There are 2 protein chains.
Amino acid sequence: VAEAYQELAARLQDYWSLGKIEAILEWDMQTQMPEGGSNARARHIELLAKLSHQHFTSAETGRLLDAAAGETQNADPTSDEFNLVRVARRDYDKARKVPTELVMEMSRITTLAHSIWAKARTDNDFKSFAPTLEKIIELKTRIAECLGYTDHIYDAMLDEYEPGLKTADVASMFETLREDLVPLVKAITARAEAVNDSVLHQDFDETKQREFSEMVVKQFGYDFGRGRQDRAVHPFETSFSRDDVRITTRFHPKWLNPAMFGTFHEAGHAMYEQGVGEKLEGNILCSGVSLGIHESQSRLWENIIGRSYGFWEYYFPKLQSVFPAQLGNIDLETFYRAVNKVSPSFIRVEADEATYNLHIMMRFELESDLLAGKIKVMELPDAWNAKSQAYLGITPDTDTVGVLQDVHWSAGLYGYFPTYSIGTILSAALFDKAVEQCPNIPAEIKQGKFDTLLNWLRTNIHQHGRKFDPKDLIQRATGQPLQSRSYMNYLKTKYSAIYGLS
Amino acid sequence: VAEAYQELAARLQDYWSLGKIEAILEWDMQTQMPEGGSNARARHIELLAKLSHQHFTSAETGRLLDAAAGETQNADPTSDEFNLVRVARRDYDKARKVPTELVMEMSRITTLAHSIWAKARTDNDFKSFAPTLEKIIELKTRIAECLGYTDHIYDAMLDEYEPGLKTADVASMFETLREDLVPLVKAITARAEAVNDSVLHQDFDETKQREFSEMVVKQFGYDFGRGRQDRAVHPFETSFSRDDVRITTRFHPKWLNPAMFGTFHEAGHAMYEQGVGEKLEGNILCSGVSLGIHESQSRLWENIIGRSYGFWEYYFPKLQSVFPAQLGNIDLETFYRAVNKVSPSFIRVEADEATYNLHIMMRFELESDLLAGKIKVMELPDAWNAKSQAYLGITPDTDTVGVLQDVHWSAGLYGYFPTYSIGTILSAALFDKAVEQCPNIPAEIKQGKFDTLLNWLRTNIHQHGRKFDPKDLIQRATGQPLQSRSYMNYLKTKYSAIYGLS
């Protein structure tokens with residue numbers, strides 16, 4: 001039975017494995033590799049990109065796709081088989097549109113760009129990065145033209161990370177958010193002095209920071225028998241199979257937040273990958289379906305759980321016993337308020353929950369204008385500073401903490417930022433639904449128990465991997481399309497209480 | 001000019017890169033990978049083995065080899081170009097003889113065999129490993145039959161690790177060694193009480209063991225900017241390019257030798273790989289030429305340097321200051337004698353310099369008889385114990401410390417052991433030649449300086465990579481074929497002094 005399907009699945013497994021092998025090399029590069037290794041590593045990664053693209057886009061894949069589609073056309077549309085063929089077909093049609101040489105050129109230039117960007121950022125020298133950025137945008141534009149689009153060139157890029165998402169959808173999502181968010185942030189910042197977070201800025205031993213964070217994420221449900229944590233300059237999660245899912249973090253010796261909330265965040269991503277159904281292991285459905293869904297998991301554990309009062313009722317006494325000198329005399333209320341301090345700041349990854357989406361809006365508007373040719377690369381720093389003033393009320397002193405802060409544009413990742421906001425909004429929608437269906441979740445959190453919540457996420461999100469498109473998955477999990485009410489209610493309720501807003 | 005040559009070199013570079021990528025995955029598997037990762041990892045490695053073999057043995061490689069041979073036929077026979085084509089042709093002709101399916105089957109069965117062997121070793125249960133061993137020998141025999149041989153099937157296996165080496169060469173080498181070694185070891189063991197090494201068996205903090213060893217190998221010339229050291233169950237060296245060469249070690253909390261001499265040993269391998277000529281980077285000549293030459297480097301730094309009196313004149317005071325409680329009251333002479341204690345023992349990797357080659361002889365005789373069908377797998381434990389009694393004068397209590405001790409047979413590595421003896425013998429021949437040409441080397445060692453020695457090795461061995469065959473390389477470096485006089489003189493002189501032999 002289904003001979004072509006079996007052959008297709010085997011062929012796709014090799015294609016998928018090549019991507020995983022590439023991920024192993026990237027992980028090593030960012031966590032272990034000695035400095036000298038970089039030239040050879042760029043060559044190895046480019047080779048894998050080439051082999052993978054050639055293997056996947058070959059005529060043989062196309063032949064098997066046609067035959068397997070015939071074999072599965074009457075299959076249950078929610079079955080793994082039907083959806084494997086469906087997703088493979090879509091991926092194939094897209095990948096065929098881009099020539100292998102262009103894929104390799106993009107791999108080469110972005111590997112090269114990484115160090116040029118990093119140096120420009122250190123030196124506060126946007127001009128030295130501008131020509132490379134122009135080249136990347138040119139390549140990205142060529143790729144988008146190959147992929148095709150109807151309304152906006154940026155649509156072709158969004159679709160890479162969030163299948164089916166359009167520029168107009170994102171614009172309308174931010175329109176809605178902006179109406180609520182801007183006045184909320186304004187009201188909070190008018191009462192900025194209501195929260196003092198100096199307690200988080202003390203000497204915190206790294207080993208102890210690590211032990212505490214890892215103890216917590218183990219209790220969340222991150223399985224270290226199928227994972228590990230390492231140090232990296234830019235924290236990330238990566239997976240080589242559902243049984244080898246790794247996270248990374250960075251430590252600040254005088255600030256508790258980056259490693260602790262960073263570990264919660266990355267563990268949220270990792271539990272998603274570890275939770276994909278066992279029967280999907282090794283095939284092209286075995287991973288998170290989109291960056292937006294992924295970010296909903298990370299931000300749920302980082303913020304909705306990790307910055308909640310109930311969570312700290314249980315964990316603050318434990319943290320106090322790890323850092324008695326620093327936290328022994330601090331009360332729970334003060335600590336809870338400190339980890340939730342809202343303050344417009346330059347750096348996105350250190351932003352609080354209320355201002356975070358304003359950072360994303362800026363980037364979305366700038367990059368979609370950039371791709372549409374409405375602004376030029378050399379105008380980017382001024383455009384950045386103007387948006388920062390408009391949305392956050394502050395203007396960066398330097399490009400280092402402004403337009404040069406993020407790695408994404410140097411890596412060719414355009415259309416990626418909006419998924420951070422989608423995930424943030426979705427995290428609240430999912431949590432509301434989970435609590436509606438399992439009302440004991442908040443009480444469990446106060447006892448350091450997360451089984452019910454994790455099982456709900458496993459059942460409704462994780463196990464499906466890439467089987468359902470994001471829109472379907474959200475509809476199935478929450479019973480409705482993505483909505484921002486849950487998120488705005490969450491923000492308003494939480495921060496009105498903390499800041500005493502009326 | 002030389003169009004086909006350029007195309008061939010590019011094609012071979014991809015083939016070579018696939019092998020390096022596989023090495024990255026193996027390194028990760030042995031040093032970093034969480035337990036859960038093993039199934040997917042076996043799949044990824046098998047895929048790389050397949051792609052690599054297919055790519056290399058394709059008709060296209062053959063066409064380019066023919067054309068490039070035409071282009072380079074009048075080139076200088078010592079040039080990189082001439083030798084790249086020569087070595088590639090030999091590798092190609094060999095690889096073409098083995099079907100890809102057989103390569104993949106061997107990859108699968110040996111990955112599987114690793115844990116079966118490890119469990120049998122722990123459980124002292126040879127029988128549970130025997131069927132797997134029989135299967136591996138069957139596959140290995142099939143591969144050897146594919147490769148072909150004139151006199152002995154074992155020749156086909158030796159040639160994998162030491163191009164051109166024959167069973168008869170190895171037998172005659174051991175014949176010569178045996179005549180001298182057996183009486184020497186007998187004379188030493190008659191005076192066993194002359195050396196006491198209890199000073200090495202104390203509590204030694206792991207971090208300090210590590211810091212001391214790494215300090216030493218840095219001074220040897222191992223470049224940590226192009227390398228790193230990690231922990232592994234079975235220590236090894238591996239390289240992903242000449243600029244990313246990694247070593248591993250294991251620590252014994254109550255015994256100084258394993259981590260310290262192990263690090264010297266692996267650093268010896270690593271400096272060879274780091275010293276390959278820069279212009280060879282990325283092509284198939286960029287690595288050590290054979291296991292024998294490789295082992296000459298590791299054993300030179302581990303033993304001829306690392307167990308010499310001059311070395312410890314400089315380093316013992318430093319080691320004392322690292323471990324004042326354990327070594328503060330010990331004199332140099334006592335310590336030097338301790339690290340050179342000779343004592344027949346069961347475990348090869350812990351053997352002293354004098355008995356080491358007897359361990360190798362046993363294995364050579366057993367595995368060549370096994371492959372020739374003279375003994376059967378089930379007879380192996382008894383045959384092992386009889387050889388052990390004959391050569392070392394001791395019989396293992398269990399198969400765990402006997403026939404099951406080494407990983408090699410479970411990994412399909414037959415013909416590998418003799419290279420350890422070749423390397424050991426060669427290490428002394430090379431050192432003699434280096435000192436003859438640079439008489440200041442011994443004086444430099446006493447000052448913790450190794451530049452002259454390392455430069456001599458770089459010039460005469462390292463830089464050439466795989467450009468010259470082992471026999472040519474030995475002739476070029478020492479002015480004569482491999483000889484064991486240097487090694488036997490070294491042993492006799494050193495141990496006569498230590499044990500007061502006449």
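Start by selecting A:Leu380, A:Pro381, A:Ala383, A:Trp384, A:Asn385, A:Ser388, A:Tyr391 and A:Leu392: these are buried residues of H16(A), where buried means under 20% relative accessible area, exposed over 50% and partly exposed in between (1.4 Å probe, protein chains only). Helices are DSSP runs of H or I with at least four residues, strands are E runs of at least two, and both are numbered from the N terminus. This is a predicted model, in which local features need pLDDT of at least 70 and side-chain atom pairs count only at pLDDT 80 or more, while totals for chains, interfaces and linings use all residues. Residues are numbered from 1 along each chain as written, chains are lettered from A in the order written, and side-chain values use heavy atoms, with hydrogens and water left out.

Now show what surrounds that set. The buried residues of H16(A) pack against helices H6 (126-147), H8 (167-190) and H15 (353-371) of chain A, contact being heavy atoms within 4.5 Å. H16 itself, residues 380-392, spans 17 Å from first C-alpha to last, close to the 18 Å expected at 1.5 Å a residue (1.5 Å times one less than the number of residues). Step just past the helix and you land on A:Gly393, with a positive phi of about 75 degrees.

Next, pick A:Asn124, in the loop between H5 (100-123) and H6 of chain A. Its phi is positive too, near 50 degrees, in a residue other than glycine. A:Asn124 is partly exposed, at 36% relative accessible area. Hop over to B:Asn124: phi is positive there as well, about 50 degrees, and the relative accessible area is 34%.

Then colour by chain. How many residues of chain A are in contact with chain B? The count is 37, and they touch 37 residues of chain B. About 2700 Å² is buried between the chains, 57% of it from carbon and sulfur atoms; that is accessible area (1.4 Å probe) lost on putting the two parts together, summed over both. On the chain A side, A:Pro34, A:Arg43 and A:His44 lose the most area, together 19% of what that side buries.

Finish on A:Lys20, in H1 (residues 3-31) of chain A. What is the nearest side chain of opposite charge to A:Lys20? A:Glu273, 4.9 Å away, and this buried lysine has no salt bridge. Lys and Arg count as positive, Asp and Glu as negative, with His and the chain ends not counted. Beyond its neighbours within four places in sequence, A:Lys20 is in contact with A:Ser239, A:Phe240, A:Cys286 and B:His44.

Methods
A salt bridge is a side-chain nitrogen of Lys or Arg within 4 Å of a carboxyl oxygen of Asp or Glu.
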